[in-house]
Amino acid sequence: MNTQAEAQDAASGLHAVRAEVLSSCRDAGRDPATVTLVAVSKTFPAPEIVPVLAAGQRVFGENRVQEAQGKWPALRADYQGVELHLIGPLQSNKAREAVELFDVIHTVDRPKIAAALAGEMARQGRNPRLFVQVNTGAEPQKAGVLPETADAFIAECRERHGLKIFGLMCIPPATDVPDPHFALLAKIAARNGISGLSMGMSADFPAAIRQGATHVRVGSAIFGHRSLPNEA
Ligand SMILES: *Cc1c(COP(=O)(O)O)cnc(C)c1O
């Protein structure tokens with residue numbers, strides 16, 4: 001495969017996705033400044049990420065702590081102002097590395113993780129913005145708190161661990177129309193006084209923007225197909 005051609009594709013993918021984010025905001029009557037595009041670079045090696053950085057993108061998502069540790073320190077040394085988002089499941093024994101490396105963590109979903117993050121944030125004096133993942137489809141194999149336990153978990157994060165919850169995140173079931181899941185996430189956020197909504201991927205980010213997404217996580221529409229399955 002021609003790596004240079006792929007790299008150019010990623011930059012043109014970025015431009016196409018940015019244009020669609022803008023038009024979705026326009027259709028929804030929303031200010032584009034309220035929607036952050038998180039370019040999901042998981043599975044892609046640094047040479048395929050560089051053209052997207054060179055095209056000006058600075059917000060990236062990775063779903064594995066170890067993979068991100070391998071790629072991002074060097075890329076950050078070359079490009080100023082990178083903001084790194086953890087969008088995959090977090091193990092409590094990786095909390096130290098996660099707090100060191102990431103600016104935003106989208107996948108807080110159990111008391112043990114909340115406690116581990118609170119401890120590391122205090123120890124390191126770093127405050128990544130935190131999102132609570134909600135399993136809106138109540139899928140047994142999927143991470144996230146159930147919708148009916150979300151309020152209690154958010155309260156526990158705040159009161160017991162002193163964590164500020166910046167947003168909520170969901171990944172709707174692949175086979176469902178996503179809109180009701182996005183609407184449910186927005187409703188849980190509103191009743192808990194939470195403003196961030198991380199929702200929408202390559203297949204459905206325009207719908208997520210219509211439902212109020214503040215962060216859309218877009219991978220394959222920018223970088224192309226992932227040859228390695230690396231699902232959350
Ligand atoms: C991989 C992944 C994405 C991006 O998915 P695409 O369909 O490639 O846009 C978004 N969110 C999470 C949690 C992911 O794991």
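Which residues is Val145 in contact with, leaving aside its neighbours within four places in sequence? They are Asp109, Val132, Gln133, Val134, Asn135, Ala150 and Phe153. Contact here means heavy atoms within 4.5 Å.

This is a predicted model, where local features need pLDDT of at least 70, side-chain atom pairs count only at pLDDT 80 or more, and totals for chains, interfaces and linings use all residues. Residues are numbered from 1 along each chain as its sequence is written, and side-chain values use heavy atoms, with hydrogens and water left out.

**The loop between strand 5 and helix 6**

- Val145 sits in the loop between strand 5 (129–133) and helix 6 (150–159). Helices (H or I, at least four residues) and strands (E, at least two) are DSSP runs, numbered from the N terminus.
- Val145 counts as buried because its relative accessibility is 7%. Buried means under 20% relative accessible area, exposed over 50%, and partly exposed in between (1.4 Å probe, protein chains only).
- Val145 and Val132 are 13 residues apart in sequence, and their C-alpha atoms are 7.9 Å apart in space.
- Glu139 also lies in the loop between strand 5 and helix 6. Glu139 is buried, at 15% relative accessible area.
- The side chains of Glu139 and Lys142 make a polar contact at 2.8 Å. A polar contact is a pair of N or O atoms within 3.5 Å; within protein, one must be able to donate a hydrogen and the other to accept it, and residues adjacent in sequence count only if both atoms are side-chain atoms.
- Not counting residues up to four places away in sequence, Glu139 touches Ile171, Pro172 and Pro173.

**The nonpolar core**

- The largest nonpolar core has 62 residues. Such a core is a set of buried Ala, Val, Leu, Ile, Met, Phe, Trp, Tyr and Cys residues joined through side-chain atoms within 4.5 Å.
- Val108 and Leu117 have the most contacts inside this core.
- Beyond its neighbours within four places in sequence, Val108 is in contact with several residues, among them Leu117, Val132 and Phe153.
- In soluble globular proteins, nonpolar side chains tend to be buried together.

**The ligand**

- The ligand is surrounded by 13 residues, and the closest are Lys42, Ser202, Gly219, Ser220 and Arg226.
- A polar backbone atom of Gly219 is 2.8 Å from an oxygen atom of the ligand.
- For Ser220, a backbone N or O atom lies 2.8 Å from a ligand oxygen atom.
- For Arg226, an N or O atom in the side chain is 2.8 Å from an oxygen atom of the ligand.

How values were computed:
Near = heavy atom within 4 Å.
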